[in-house]
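Subject: Structure for you to look at

Dear colleague,

Please find below the structure I promised to pass on, followed by my notes on what I found in it.

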Amino acid sequence: NRWALILGNGYNSANERPVLLIQYLDGNKELKTIPAATSGAEASGNGLSTPQFLDVNADGKPDFVYAGDLRGNMWKFDISSGTASNWGVAFNGSPLFTATYSAATGSSSRQPITAPPVLRPNNLAGGLMVAFGTGQSLTETDRTDRSTQSVYSILDNTRYSIASTGNDVGKVTIATSPTPAAVGDRSSLTSQSVNDTTKTAGTGDSASRSFWKLTTQEVVYSCAAGATSCTAKKGWYLDLPEPGESVFTSLDFYDGSNILEIISEVPASGSATASGQEVCAPTPQAAKPFRTLINIMSGKGPTPPVMNVDGNGYSSANAGFARMTASSKELRIATRGEQVRKGNDGKVDKLARLPELLLRPTWRQLK
């Protein structure tokens, strides 16, 4: 019952560990710290990024906090107890997931997380989807880093209840069934990808853009009893196809739906200063931004046509397209029939609004 500012400790701290900071704004204005890792590789050359809050019982107080770090870990902090000394890292101190890219050569590399995740309940499988992108733009060398980055949507299978006894009556507690479990690695996820063979140049009002479709692999969250050829998954991932393409900003939900609107980009690179002289090293390269629309649950693109590829409206000819080139900065405007994106490059992108879902599909009269 106190006001506090909650944030990640950021990067280049004295100890370079990932730490959640809770700075109280009243009373003694003390600072409470919850380290995600205190030793080993995760506690070196690291730092906690912007957090996202989860208020389970809608009482206006966060019960859990999700935040990524530069080592690709997505941490979950449990601050649900009324006793601050009980707060700590969920999953027995392990991250929910560690973002790691595995190359065809067998090598692997961690993928930094610098933007906050977004959350959405999974009404089919239960639990909560935690979606985030990877990539960092913190140093000059990051601009020319061409490592593969990704978008992930991970299932946190934790269930909750409200305590009826003890010191935390009325507080959120973690249910024991199913057992809360961290997600191991990519083998637990379904792979989605951009279908490069579908690349299409826009025409008409969309002549300045290029468009792509996504794959449509099914994400199976549970298997029928006795099924022998079924392997349940814990979410999905999408490797961003352009070398160096990264996500530096939070994902958004498109038009109030389960569709994520993701702005990713290959960072701009250009002149640097050396010995007081301006030099073109590396070769100047403008930023290359992209927009991707993908369902947080299934990893598929929108079902109805949303992108105006041919410039003639949202006919069936435009169905399936879910990725396009975009502006790096844009003003977003919702009109009655469209979502309009006015970019800093002077270009305007128009997207169809999704069909409204009936909140009450049936009714009956009570006498």
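Of the 22 residues in the largest nonpolar core, the ones touching the most other members are V151, W236, L251, L260, I262, I294 and I296; a nonpolar core here is a set of buried Ala, Val, Leu, Ile, Met, Phe, Trp, Tyr and Cys residues joined through side-chain atoms within 4.5 Å, where buried means under 20% relative accessible area, exposed over 50%, and partly exposed in between (1.4 Å probe, protein chains only). At least two residues of this core come from each of β12 (128-133), β13 (150-156), β18 (210-214), β19 (235-239), β21 (259-266) and β24 (288-295), the strands being DSSP runs of E, at least two residues long and numbered from the N terminus. A second, separate core has 20 residues, including Y66, I113, V130 and L189. In soluble globular proteins, nonpolar side chains tend to be buried together.

Please bear in mind that this is a predicted model, in which local features need pLDDT of at least 70 and side-chain atom pairs count only at pLDDT 80 or more, while totals for chains, interfaces and linings use all residues. Residues are numbered from 1 along each chain as its sequence is written, and side-chain values use heavy atoms, with hydrogens and water left out.

Turning to the charged residues, the structure holds 20 salt bridges, each being a side-chain nitrogen of Lys or Arg within 4 Å of a carboxyl oxygen of Asp or Glu. In one of them R291 pairs with E261, with the closest N and O atoms 2.9 Å apart; the pair links distant parts of the chain, since R291 is in strand β24 and E261 in strand β21, 30 residues apart, and both R291 and E261 are buried. Salt bridges that share partners join R209, D252, E261, R291, E330, R332, R341, D345 and D349 into one network. Another salt bridge is formed by D252 and R332, again with 2.9 Å between the closest N and O atoms; D252 lies in strand β20 and R332 in strand β26 (residues 330-334), so this pair ties together parts that are 80 residues apart in sequence. D252 is partly exposed, at 33% relative accessible area, and R332 is also partly exposed, at 33%.

N73, in strand β6 (residues 73-78), counts as buried because its relative accessibility is 2%. The side chains of N73 and E42 are joined by a polar contact of 2.6 Å, the term meaning a pair of N or O atoms within 3.5 Å, of which, within protein, one must be able to donate a hydrogen and the other to accept it, and residues adjacent in sequence count only if both atoms are side-chain atoms.

Finally, some backbone details deserve a look. Most residues other than glycine have a negative phi, and most peptide bonds are trans. Here, a cis peptide bond joins S177 and P178, with omega about -5 degrees, and P178 lies in the loop between β15 (172-174) and β16 (190-192). A58, although not a glycine, has a positive phi of about 55 degrees; A58 lies in the loop between β4 (52-54) and β5 (64-68) and is exposed, with a relative accessible area of 67%.

With best regards

Definitions and conventions. Helices (H or I, at least four residues) and strands (E, at least two) are DSSP runs, numbered from the N terminus.
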